[in-house]
Amino acid sequence: MGEAGIWWLLAGAAIAVELVTGTFYLLMLAAGLVTGALAASLGMALAGQMLMAAAIGGGAVAAWRWGRRQGHAPLEASSNPNVHLDIGDTVHVVLWNTDGTAGVHFRGARWTAIAADPGEPSVPGNFRIKEMRGNRLVIEPL
């Protein structure tokens, strides 16, 4: 087996491990390994193959890492609408209890709701689900 074949096997192994673990960085390293295989197919020396593979794979990892740092900080799971699809839905509060909670009907079940801002007046009405803490809905006025 030639040098290109070894590079292709390494790239395939990196992709297989990525499919098992879900680590996106391995796909970028696999792109570097594919570059090494292409460099070997073009007849480059081993040192050139390794430099090309390292430049593409390492550069892709560094670019991805830099891009993620430039983005917004991820939301906490309790207030992330991608985790809890009910965030943003509305509920109707008929009566607030003296302890600052309210019983609301939502999705066919009775939930305990608490105000997002404990200092706001406890008046009945429509509210938006801001986050979910355990089995409680944290709600805010519309």
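Start by selecting L26: beyond its neighbours within four places in sequence, L26 is in contact (heavy atoms within 4.5 Å) with A14, V17, E18 and T21. This is a predicted model, in which local features need pLDDT of at least 70, side-chain atom pairs count only at pLDDT 80 or more, and totals for chains, interfaces and linings use all residues. Numbering runs from 1 along each chain as its sequence is written, and side-chain values use heavy atoms, with hydrogens and water left out.

**The helix pair**

L26 sits in helix α2; helices here are DSSP runs of H or I with at least four residues, strands are runs of E with at least two, and both are numbered from the N terminus. For a distance check, pick A13 as well: L26 and A13 are 13 residues apart in sequence and 9.8 Å apart in space, C-alpha to C-alpha.

Now show residues 3-21 (α1) and 24-41 (α2), whose axes come within 8 Å and cross at roughly 170°. The axes are lines fitted to C-alpha atoms, for helices over the stretch in contact, with angles from 0 to 180 degrees between N-to-C directions. That crossing makes α1 roughly antiparallel to α2, a label used for angles over 145 degrees.

Turn on side chains at the contact. From α1, the residues include W7, W8, L10 and I15, and they meet a set in α2 including F24, L27, L33 and V34. By class, the contact has 17 nonpolar, 3 polar and 2 charged residues. Nonpolar covers Ala, Val, Leu, Ile, Met, Phe, Trp, Tyr, Cys and Pro; charged covers Asp, Glu, Lys and Arg; the others, Gly among them, are polar.

Stay on α2 and click T35, which belongs to this helix. Is T35 buried or exposed? T35 is buried, with a relative accessible area of 17%; buried means under 20%, exposed over 50% and partly exposed in between, using a 1.4 Å probe and protein chains only. Leaving aside neighbours within four places in sequence, T35 is in contact with M52 and I56.

**The sheet**

Next, select the strands. They form an open sheet of 5 strands in the order β1-β4-β5-β3-β2, with mixed pairing; two strands pair if DSSP finds at least two bridges between them. β1 and β2 are the edge strands, each pairing on one side only. On average, neighbouring strands are turned by 50° against each other, direction ignored.

Walk across it:

- β1 and β4 pair in the antiparallel sense over 4 bridges, and V93 stands opposite G125 in β4.
- β4 and β5 run antiparallel, joined by 6 bridges; R133 has R136 in β5 as its bridge partner.
- The hairpin of β4 and β5 has 2 residues between the strands, and G134 there takes a positive phi near 65°.
- β2 and β3 are antiparallel over 6 bridges, with F106 opposite A109 in β3.

**The cores**

Which members of the largest nonpolar core touch the most other members? Of its 13 residues, they are V91, V93, W96, I129, L137 and I139. A nonpolar core is a set of buried Ala, Val, Leu, Ile, Met, Phe, Trp, Tyr and Cys residues joined through side-chain atoms within 4.5 Å. β1 (90-93), β2 (101-106), β3 (109-115), β4 (125-133) and β5 (136-141) each supply at least two residues of this core.

Zoom in on W96: leaving aside neighbours within four places in sequence, its contacts include T101, I114, V123, P124, F127 and I139. Apart from this core lies another, of 9 residues, among them A11, A30, A37 and A40.

Terms used. Parallel < 35°, antiparallel > 145°, perpendicular 65-115°, else oblique.
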